[in-house]
Amino acid sequence: QNAFSFPGQDCRRNDVLFPTIARLNHSCTPNAVIVPCEQPQDSQLVALRPIAEDETVEICYCPTQYLLRSTEHRRAVLEKKWGF
């Protein structure tokens, strides 16, 4: 589950693997986000706020709208999809 999904042509889903970004940790209060581009392989990792040199860069593994859901719901999704 290290791939990122982006909408593709004809309503198909494109799964793209970013070897470096795939190593990032999850957080429900992320300090970075993946910004999709027209070509999925050109997507960028962007800081949401200043990140200290010794701070871990974290993204939310779930779609952005999940951040508005309850903690219990997010935990259930993380357990089911990523096993933690």
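**Reading the chain step by step**

A: Start with confidence, as this is a predicted model. Among the elements of the chain, strand β1 (residues 3-7) has the lowest mean pLDDT, 68, while strand β6 (residues 58-59) has the highest, 93. For the chain, the mean pLDDT is 83, and 89% of the residues reach 70 or more.

Q: How many helices and strands does the chain have, and in what order do the elements run?

A: The chain contains one helix and six strands. Read from the N terminus, the order is β-β-β-β-β-β-α.

Q: What span does helix α1 reach, and what is expected?

A: Helix α1 covers residues 71-82, which is 12 residues. From its first C-alpha to its last it reaches 16 Å, close to the 16 Å expected at 1.5 Å a residue. Just after α1 comes Gly83, with a positive phi of about 75°.

Q: How do I read the two faces of a strand, for example in β4?

A: In a regular strand, side chains alternate between the two faces of the sheet. In strand β4 (residues 32-35), Ala32 and Ile34 form the covered face, and Val33 and Val35 the uncovered one.

Q: Which strand does β4 pair with, and in what sense?

A: Its partner is strand β5 (residues 44-47), and the pairing is antiparallel over four bridges. Within this pair, Ile34 stands opposite Leu45 of β5.

Q: How many salt bridges does the structure hold, and which residues form a salt bridge?

A: There is one salt bridge in the structure. Arg49 and Glu55 form it, with their closest N and O atoms 2.5 Å apart. Arg49 is partly exposed, with a relative accessible area of 40%. Glu55 is partly exposed as well, at 27%.

Q: Where is Ile51, and what is it in contact with?

A: Ile51 is placed in the loop between β5 and β6. Leaving aside neighbours within four places in sequence, Ile51 is in contact with Asn31 and Val57. Asn31 is 20 residues from Ile51 along the chain, yet their C-alpha atoms are separated by 7.2 Å.

Q: Is His26 buried or exposed, and where is it found?

A: His26 is found in strand β3 (residues 25-26). It is buried, because its relative accessible area is 15% and the cut-off for buried is under 20%. In the chain, buried residues make up 25% of the 84 residues.

Q: What does His26 touch, not counting residues up to four places away in sequence?

A: His26 touches Glu58, Ile59, Cys60, Tyr61, Leu78 and Phe84. Take two of these in turn. Leu78 is 52 residues from His26 along the chain, and their C-alpha atoms are separated by 9.5 Å. Glu58 is 32 residues from His26 along the chain, with 5.5 Å between the C-alpha atoms.

Q: How does the picture look from Glu58, and which residues is it in contact with?

A: Glu58 lies in strand β6 and counts as partly exposed, at 23% relative accessibility. Beyond its neighbours within four places in sequence, Glu58 is in contact with Asn25, His26, Ser27, Pro30, Asn31 and Ala32.

Q: What values describe the chain's contacts and its accessible surface?

A: Count the contacts between residues at least 6 apart in sequence: 41% of them join residues at least 24 apart. The accessible surface of the chain comes to about 6,400 Å², and 49% of that belongs to carbon and sulfur atoms.

Definitions and conventions: Residues numbered from 1 in each chain as written. Predicted model: local features only at pLDDT ≥ 70, side-chain atom pairs only at ≥ 80, totals over all residues. Heavy atoms only, no water. Expected span 1.5 Å × (residues − 1). pLDDT = per-residue confidence, 0-100. Buried < 20%, exposed > 50% of the residue type's maximum accessible area, 1.4 Å probe, protein only. Contact = heavy atoms within 4.5 Å. Areas by Shrake-Rupley, 256 points an atom, 1.4 Å probe, with all protein chains shown as cover. Pairing = 2+ DSSP bridges. Salt bridge = Lys/Arg side-chain N within 4 Å of Asp/Glu carboxyl O.
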